[in-house]
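This briefing is intended for a reader who has the sequence and the three-dimensional model at hand. Please view both before turning to the notes.

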Amino acid sequence: VGALLIAAVGPAAAEGELHLYNWGDYINPEVIDKFANEYDVKVSLDTYSTNEEMLAKIQAGATGYDLVWPSVHMNDIMLQLGLLEKTDINQAEGFKNIDPAALRSKQDPKAEYCLPYAWGPVGIFYNKKVVGHDLTSWADLFEYAKNNPGKITLLDDLRETLGIGLIVDGKSVNSRDPAEVKAAEEFILTQKPNVAAFRYDVIPLIESGDIAASHYYVGAVLYVNRKPDELGFVIPSEGATMYQEDICMLKTAPNKENARKFMEFMLRPDISALNTTMLTNGSVNTAAVELLPADLKNNPAINPPPEVRAKLQIFEDLGPDLKIYDRAWSRVKAN
């Protein structure tokens, strides 16, 4: 009975398996299928919505997962908590394809543990026909909302949404100053009466026109390219946040050899390009960029010019100072 109970906990650990735990819709299924067929490995995929959800599940004792996709600041947190396995992926032949600018982890600056995966800006996804004109800034978004209450959404993410308040105030999204975070909180609270909801699942709402504009990730470009006359995505002129996720092997990974093979597989330019074509975000693989279709390679949201990139901010691990944001976000959600 004891043996049966142990076998029932988490994904099964067996030869020829690989268990992935990734953000929803954040990997091309064709990539998984190609790896499974080439290496004769049975691959499973579970998904999460936030870094915090993923970390909580791992810390609660979830076992059986091999690879996870934390954002850079969560990568640093997980390293400090001793949750990640050293892989020496930076010694792999294909690592020469990785853009040095993508080595953003403060705890893993040489990529001895994790492999840079993808990056992109967080901006405004909108329905051109409903809005009636192009949006270019956060000011445009909130002015539209003021005149059309209930027609926009913001992300249900404390750092992303409080980050808007910090950006429009000319401050760092990694500010540790309680007064600056308080000002950001008050800015979002001022907008809240005109905001329909804090949520992630906005794609169908924008496409249908039920919602006019949403605070959203650059992956929305996939839908913009399908309906360029109806949909748009913009990096706001005041600046925006950017994200980068890395592929990390868990210290408890039951299939470490297959996990390492998958990391090496993702270094191949053809595989990275196949993945980026579906995700429509920025590639960290310089060789893969040349393989992308022109509508992605030349898209200013996916590959923004230097002056726009200079206005993009990435989150850092704030340690105990994160409680300043937690409290501010609790007040935003409660009021």
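The protein is a predicted model, in which local features need pLDDT of at least 70, side-chain atom pairs count only at pLDDT 80 or more, and totals for chains, interfaces and linings use all residues. Residues are numbered from 1 along each chain as its sequence is written, and side-chain values use heavy atoms, with hydrogens and water left out. The protein has 16 helices and eleven strands; helices (H or I, at least four residues) and strands (E, at least two) are DSSP runs, numbered from the N terminus.

**Overall form**

- The radius of gyration of the protein is 20 Å, which agrees with the value near 20 Å for a compact globule of 335 residues. This radius is taken over C-alpha atoms, and the globule rule is 2.2 Å times the number of residues to the power 0.38.
- The C-alpha trace spans about 60 × 45 × 40 Å along its principal axes.
- Of the 335 residues, 51% are buried. Buried denotes under 20% relative accessible area, exposed over 50%, and partly exposed in between (1.4 Å probe, protein chains only).
- Among contacts with a separation of 6 or more, 75% are accounted for by residues 24 or more positions apart. Contact means heavy atoms within 4.5 Å.

**Helix packing: conventions**

- Axes are lines fitted to C-alpha atoms, for helices over the stretch in contact, and angles run from 0 to 180 degrees between N-to-C directions.
- Angles under 35 degrees count as roughly parallel, over 145 as roughly antiparallel, 65 to 115 as roughly perpendicular and the rest as oblique.
- A crossing is right-handed if the near helix is turned clockwise from the far one by less than a right angle, and left-handed if anticlockwise.
- In the residue classes, Ala, Val, Leu, Ile, Met, Phe, Trp, Tyr, Cys and Pro count as nonpolar, Asp, Glu, Lys and Arg as charged, and the others, Gly among them, as polar.

**Helix packing: α8 with α16**

- Helix α8 (residues 178-191) and helix α16 (residues 322-334) have axes that come within 10 Å and cross at roughly 20°. The two helices are therefore roughly parallel, and α8 passes α16 in a right-handed crossing.
- On the α8 side the contact involves P178, V181, K182, E185, I188 and L189, and on the α16 side I324, Y325, A328, R331 and V332. This contact comprises eight nonpolar, no polar and three charged residues.

**Helix packing: α2 with α12**

- The axes of helix α2 (residues 29-39) and helix α12 (residues 269-279) come within 8 Å, crossing at roughly 150°. That angle makes α2 roughly antiparallel to α12.
- From α2, P29, E30, V31 and K34 meet I271, L274, N275 and M278 of α12. Five nonpolar, one polar and two charged residues form this contact.

**Helix packing: α3 with α4**

- Helix α3 (residues 51-59) and α4 have axes that come within 11 Å and cross at roughly 20°. The pair is thus roughly parallel, with α3 passing α4 in a right-handed crossing.
- N51, E52, M54 and L55 of α3 make the contact with H73, M74, I77 and M78 of α4. Here the division is five nonpolar, two polar and one charged.

**Two buried residues**

- L296 lies in helix α14 (residues 294-297) and is buried, with a relative accessible area of 3%. Beyond its neighbours within four places in sequence, L296 is in contact with N225, T276, T277, T280, I302 and N303.
- V41 is located in the loop between α2 and β2 (42-48) and is buried at 6% relative accessible area. Residues up to four places away in sequence not counted, V41 touches G16, E17, L18, F35, A36 and N258. The C-alpha atoms of V41 and L18 are 6.8 Å apart, although 23 residues separate the two in sequence.

**Positive phi values**

- Most residues other than glycine have a negative phi.
- D88, in the loop between α4 (72-80) and β4 (115-127), has a positive phi near 55°. With 32% relative accessibility, D88 is partly exposed.
- A111, also in the loop between α4 and β4, has a positive phi near 60°. At 2% relative accessibility, A111 is buried.
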